[in-house]
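Please walk through the fold below with the model open beside the text.

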Amino acid sequence: MIQNLSLALFLGFLAGQMTPASTSLSTPYTVSGVVFTPDGRPLAKVAIWAENEQDTVYSNANGEFALGVGQRCVALVAAHLGYGTLREPNVCSGQKVALRFPAEHLEEPMRFQPLGPAVAKSRKQLASPSYAPAAATYSGTTPRLMGEAVPAWNTEEYGHIQDNRFRKVGDDPLSTFSIDVDAASYSNLRRFLKNGQMPPADAVRIEEMVNYFTYNYEEPNGEHPFAVHTELGPCPWQPKHHLLAIGLQGKRVEAENLPPSNLVFLIDVSGSMDQPNKLPLLKASFKLLADQLREQDRVAIVVYAGAAGLVLPPTPGSDKQAIKAAIDKLEAGGSTAGGAGIQLAYRIAKENLAQNGNNRVVLATDGDFNVGISSEGELVRMVEKERESGVFLTALGFGMGNYKDHKMQELADKGNGNHYYIDEIEEAKKVLVREFGGTLFTIAKDVKLQIEFNPAKIQGYRLIGYENRLLAKEDFNDDQKDAGEMGAGHTVTALYEIIPAGVETNLLGSVDPLKYQKGQSAPAAKGGSKEWLHIKLRYKEPQGMKSQLLEKPVQGPAKSLDSASENFRWAASVAEFGMLLRQSEFKGEATYAHCYQLAQSASAKESDTHGYRREFLQMIDTAMKLGKPDLDANKN
């Protein structure tokens, strides 16, 4: 009998000499969790089994495991070559357990208790260098070890967001920003809430929450590709303030009238994508997209893992069988050479450029690039250079635990494209089927707004969201300055919280008198003007180099909340929810209960065909239950 079981494990795992056990026929329960090193890092290739049961599984690259068991509660044993064995005496189905090896194993020689049943995997599988056990799907509950929380294994990355502050009109009469039609933040935070977690504050981008929804704005009827709408009403969370809604409605283009598409699907098949909510969901999503393609469209598929390769040459959209067959064959494994994949995808797209058509790379990944060109700066510069060729970039994010949101957002922004997060197949249907034209067909690029506020009517303002889309005032007239893109049929909504002149406030701050500058008083309104502000908008045609200008003044009295449109009330409720999730210092009197009531007043069934607004109400309810009591306190 072999006494040194560390040697047995080593030989059995690497050489595949373990004898497979007979798999249990009755495993009605599942226990799952994550294995950690003593210092809290996820640990791969740990053998896990239940005492007195036959099956054994290995933890994957993220330390995750899921094991079928015959009883609701079992004693788990974990074994690793470097850290020895660990026993958890009572683990029950539905519990997300964290197994952390004790620190003493770092200094001790490898010692194992009797291994118990052999692993229930074939020699071929165990010996394969690409073998990766199936991942567990987590509800988001914080794993606990012996009753105590363990360090998080989550390596998701989000760019820091600092809420826009109130600006004094006398000092800063102009507000300039780029539009944003991305919606990744909303579906991502929905994933957190569905999994029983509050999202990180930096994952909450309020403009993307607001723009996740469509609004009933009038269609454009002139020479420009979109119409501009405005509405001024009360601010629901600050009764003494006003709220300004600016809405853009892009022209709709019927599918048969869309220009031909030259698409390159750029798909991450690295080892980090080997989870149910990553590559399998990605494949199902792209097959939905394939169903939307026409004979005049062309699609190629590039994949990348340790290296990049072309798995489908440019193929007519009508050959759906070939496209779907190529998608079905994709398997995950290896490291992530994202930069090489992007380079190859752009090369294929440029070689097959559709004149006056839609040329686009559709990137699908968790964003975890780690081989080759992987730094954010290098990738961004490459994408910025490539967009000059007329090939745009759409980024679709998948998965959780290691999702690189900030990198995905930056690539889409600099690639003249858009960013979505696909958390479930219904989101794929929304982005790639119902909003197909808006997702992939640009009607205007470099769209930016500049608002001039009238100091006789307004003393202060704050742009809600768009923190990473702010522009210098000089950028508005600079046609070399990149800005956001707008797709066919898209709506874009921006909200400003406004402090009317004469309202007492401590939100504007003050500075000491300047020594060398002459003091200037706010100019009086000309001729008793009723204008609150003046909006300017610039955009370019998709292939254009020179911008066109639109202008629109906002005047007249502010509406009451009861008389405000459904568009206004809905956008306000979504923004209020976002401020609560971010625990914004500017949330004023906002509460989840008030937010729910406001949203409910603006969610008519006839305008909620696919149930998105109904789902939003459920998300508010979930956050209300998860949130800390002080989130609903009336502060400020």
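Strand S10 (residues 167-168) pairs with S21 in the antiparallel sense over two bridges; helices (H or I, at least four residues) and strands (E, at least two) are DSSP runs numbered from the N terminus, and two strands pair if DSSP finds at least two bridges between them. Opposite lysine 168 stands glycine 460 of S21. S21 also runs antiparallel to strand S23 (residues 491-500), joined to S23 by six bridges, and there isoleucine 499 is the bridge partner of glycine 460. Of the seven residues of S21 (residues 458-464), six are buried, where buried means under 20% relative accessible area, exposed over 50% and partly exposed in between (1.4 Å probe, protein chains only).

This is a predicted model, in which local features need pLDDT of at least 70 and side-chain atom pairs count only at pLDDT 80 or more, while totals for chains, interfaces and linings use all residues. Residues are numbered from 1 along each chain as its sequence is written, and side-chain values use heavy atoms, with hydrogens and water left out.

Strand S17 (residues 358-365) contains leucine 363, which counts as buried because its relative accessibility is 0%.

Helix H6 (residues 320-328) has Ile323, Ala326 and Ile327 as its buried residues. They lie on the same side of H6, because they cover an arc of only 100° around the axis, taken from the directions from the helix axis to the C-beta atoms. An α-helix has 3.6 residues a turn, so residues three or four places apart point the same way. The buried residues of H6 pack against helix H5 (279-291), strand S15 (298-304) and strand S16 (308-316).

A nonpolar core is a set of buried Ala, Val, Leu, Ile, Met, Phe, Trp, Tyr and Cys residues joined through side-chain atoms within 4.5 Å. The largest has 76 residues, and among those with the most contacts inside it are Phe213, Phe286 and Phe616. Helix H12 (residues 566-582) gives the most to this core, with ten residues. A second, separate core of 33 residues includes Val447 and Tyr496. Beyond its neighbours within four places in sequence, phenylalanine 213 is in contact (heavy atoms within 4.5 Å) with residues including Tyr186, Trp570 and Phe616.

The largest pocket is lined by 38 residues, with Thr214, Arg252, Arg434, Glu435 and Gly489 nearest its centre. Helix H10 (425-434), helix H11 (436-440), H12 and helix H14 (612-626) each supply at least two residues of its lining.

How values were computed
1 Å grid on protein atoms, 1.4 Å probe; cavity = no way out; pocket = protein on both sides within 12 Å on 5 of 7 lines; lining within 4 Å.
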